[in-house]
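Welcome, and thanks for taking a look at this one with me. Here is a short briefing on charged side chains and a ligand site.

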Amino acid sequence: MIYFDYNATTKILPEAKEAWIKAVDEYIGNPSSPHRLGSRAETALNNAREELAAMLGCHPLDIVWTSGATEAANTLFHHFYLKLTDNCNVWISPIEHPSVLEPARFYFKSRIRFIPVDKEGVVSVKWIRTNLGVEKPGLVVVMAANNETGVIQPFKEIATLCREYNVPFFCDAAQWIGKLPVKELAICDFLSASAHKFGGPRGVGFLKCGHNITPLILGGPQEEGRRAGTENVAGVISMIAALKVCEQLLARMLKPVNSDDSTKSFVNQPEEKIAIRNEFEKGLLDAIPGLLIAGRNAQRLWNTTHLIMPQTACNVRWVVKLDKLGFAVSTGSACSSGKEKPSHVLKAMNYGDEQASRAIRCSSGFSTTKDEWMALKNAIVKVYTEVAATS
Ligand code: PLP
């Protein structure tokens, strides 16, 4: 089976697996225990915190270990719900992952203002700039890169604007981290991520936040009272090992940025990977009339392509047929007859429900080869030809 669903989850990297196994054997104590085995585990956890802080350009105590990006986002909204006054709005992009949208809706209800998104799936900086001059929100929330389309958001410009107006900015970086350099995220006040999106284990992630975040999970005094529960020491160590591998790979693949580019909203990406993905898309566009690619004209993550197939079959059928041919791809959302709702991301980009029901997402990893991309292209064309002949 050839895996093209890296945005959903990734296989654990060998280095991360090795680090996890070693840590499980080495750090047997509870980091809160007073004996030497406990303090050894605590030291390991704090070393990992220092390593991540150095990568993110923040203070080690700005980092709270969580079970993943979902818990990080829930913690953040809970904190701001308690902190902000009742008349304070929260501005959020409508293309956020449900792990961000749902806690935002739960805590802030009618106090949410949605930031417009253009047809390429890019959040409007202009809207933020204009409205910051009129109203002061309690929090602005825009993700780094979208999980469905891969469209990269102008989070640096937004974070800069928020700083200017002294408004806190939260960025869900679950799809950015491990695919592009973490140091680019340093400007964000609050950040969330999940290890399993970048070759680490499942069930571990982090929230970058201030020292005074209110805990969502109550109990023991772990994480300086910001998140109760015995820490996942091996998970954290393995996550940092995975991140280091991704950062090293990126350092080798990324070309040095010239000073002209660094001043614009240009995102430096691995050119070789982008070229392969573009060749895949061109091959499909040439072979399949009516095929659309969501966010095609925007800057997108090098690994993601979101195809809106022509009117031949719904995406579940596509996924099943591709699965039979040996490819694991994902639906952006299911057919309208299925139990999932059409994608809110495509809806925000002005696609209709019926179009959204024909969307399939292909997302690769560092190890995905050009041959694998081309084999997927051939399989999609084959399925298209079969489906078109019978419909
Ligand atoms: N944010 C984004 C952009 C995601 O893609 C995901 C997972 O798909 C999450 C948050 C939630 O991550 P987790 O389920 O690991 O908490």
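Which side chain of opposite charge is nearest to Arg 111, and how many Å away is it? In this predicted model, the answer is Asp 86, at 4.3 Å. Arg 111 is buried but has no salt bridge, because a salt bridge needs the nitrogen and the carboxyl oxygen within 4 Å.

**Around Arg 111**
- Arg 111 sits in the loop between helix H4 (98-108) and strand S4 (112-114).
- A polar atom of the Arg 111 side chain does lie 3.2 Å from the backbone oxygen of Asp 86.

**Salt bridges**
- The count of salt bridges comes to 19.
- Lys 244 and Glu 51 pair through their side chains at 2.6 Å, N to O.
- Lys 244 belongs to helix H8 (residues 233-253) and Glu 51 to helix H2 (residues 36-56), so this pair ties together parts 193 residues apart in sequence.
- Glu 71 and Arg 227 form a salt bridge at 2.7 Å, N to O, linking helix H3 (residues 69-83) to the loop between helix H7 (222-225) and H8, 156 residues apart.
- Both Glu 71 and Arg 227 are buried.
- Glu 354 and Arg 358 meet at 2.8 Å, N to O; Glu 354 is partly exposed at 41% relative accessible area, whereas Arg 358 is buried at 8%.

**Ligand site**
- Oxygen atoms of the ligand lie 2.6 Å from a side-chain N or O atom of Thr 70, 3.2 Å from a polar side-chain atom of His 97 and 2.5 Å from a side-chain N or O atom of Ser 194.
- The ligand alone exposes 390 Å², and the protein buries 84% of that.
- The shell around the ligand has 3 nonpolar, 7 polar and 2 charged residues.

Conventions
Residues are numbered from 1 along each chain as its sequence is written. This is a predicted model: local features need pLDDT of at least 70, side-chain atom pairs count only at pLDDT 80 or more; totals for chains, interfaces and linings use all residues. Side-chain values use heavy atoms; hydrogens and water are left out. A polar contact is a pair of N or O atoms within 3.5 Å; within protein, one must be able to donate a hydrogen and the other to accept it, and residues adjacent in sequence count only if both atoms are side-chain atoms. Accessible areas come from the Shrake-Rupley method with a 1.4 Å probe; for residues, only the protein chains shown count as cover. Ala, Val, Leu, Ile, Met, Phe, Trp, Tyr, Cys and Pro count as nonpolar, Asp, Glu, Lys and Arg as charged, and the others, Gly among them, as polar. Helices (H or I, at least four residues) and strands (E, at least two) are DSSP runs, numbered from the N terminus. Buried means under 20% relative accessible area, exposed over 50%, partly exposed in between (1.4 Å probe, protein chains only). Lys and Arg count as positive and Asp and Glu as negative; His and the chain ends are not counted.
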